[in-house]
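Please look at the fold as a whole before turning to single residues. The paragraphs that follow go from the overall shape to a pocket, then to a helix, and end with some details of the backbone.

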Amino acid sequence: MTEQNNLKGYIHSLESFGSVDGPGVRYIIFMSGCAMRCQFCHNPDTWNMQSGTQYTADELLGQALKYRSYWGSKGGITVSGGEPLLQIEFLTELFQKAKVAGIHTTLDTSGNPFTREEPFFGRFQELMKYTDLVLLDIKHMDEQQHEILTGCTNRNILDLAACLSEMGKPVWIRHVLVPGKSDNDEYLRRLDAFIGTLENVEKVEVLPYHTLGVFKWKELGLTYPLEGVEVPSKERIENAERLLHVHGRGPVESVSE
């Protein structure tokens, strides 16, 4: 990859001690910009790419390395968002420099920008050379329901999952459990069956819907689409974890029940 010392990325915020976005203790970089409009989004303030602060890759790495002593053998850097793939060239430079420094790199993505068409696909393949782990958010298995929930198709997202499997790139699948939207048993079984076709999934995580970001919608003058939707019960969370084999992959349940 060519050195791009003047390339800058738009960064929404930074978190020094992340513990839920990849293995170990991690430095989390939240990038600005997202084309999806998830009804449950807890960071709508990341949608506008140019609302963030600009950094070079070296500046970001310099910030992250201040906390390296806390990472241990498993930690590292996770880039989230927003949607990091919207700034794929900057992200590639950042991850390339991180690998030179011996840092474990994790990409947290919704997969929305993914396509096998050029020039994106070539850039994506280059990025994967420097990416140790991908956290892939599958918002909904049903395409029509995915469009209702996010405003976008899921076809290219599922293709990204297949592409990562072809590459043998380690992946954690993450699924936000929204009552009345994505917690239907049929949809969960379909998602589990799809995950069963992939050969690279190291972990499946159920992320229970929460309302912690509702105030941001109000601050931005936006109408919150899921007003009145309660957080999922313990029983529904456990049901989803069972159907998605969170605690170990086993025989895939029939999707026709």
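Helices (H or I, at least four residues) and strands (E, at least two) are DSSP runs, and they are numbered from the N terminus. This is a predicted model, in which local features need pLDDT of at least 70 and side-chain atom pairs count only at pLDDT 80 or more, while totals for chains, interfaces and linings use all residues. Residues are numbered from 1 along each chain as its sequence is written, and side-chain values use heavy atoms, with hydrogens and water left out.

The protein has eight helices and eight strands, and its C-alpha atoms fill a box of roughly 55 × 45 × 40 Å along the principal axes. Of its 257 residues, 52% count as buried, a word that means under 20% relative accessible area, whereas exposed means over 50% and partly exposed lies in between (1.4 Å probe, protein chains only).

Rolling a probe the size of a water molecule over the atoms shows where empty space is left. On a 1 Å grid over the protein atoms alone, a pocket is an open set of points where a 1.4 Å probe fits, with protein on both sides within 12 Å along at least five of seven lines, and lining residues have an atom within 4 Å of a point. The largest pocket is lined by 33 residues, and His42, Asn43, Asp108, Asp137 and Leu207 lie nearest its centre. The elements that give two or more residues to this lining are β1 (8-18), β5 (104-109), β7 (171-177) and β8 (201-208).

Helix α6 covers residues 185-195, and its buried residues are Tyr187, Leu188, Arg189, Leu191, Asp192, Phe194 and Ile195.

Most residues other than glycine have a negative phi, and most peptide bonds are trans. Here, a cis peptide bond with omega of about 10° joins Gly81 and Gly82, and Gly82 is found in the loop between β4 (76-80) and α2 (88-100). Another cis peptide bond, also with omega of about 10°, joins Glu118 and Pro119, and Pro119 lies in the loop between β5 and α3 (120-128). In the segment after α8 lies His245, which is not a glycine and yet has a positive phi of about 50°. Because its relative accessibility is 13%, His245 counts as buried.
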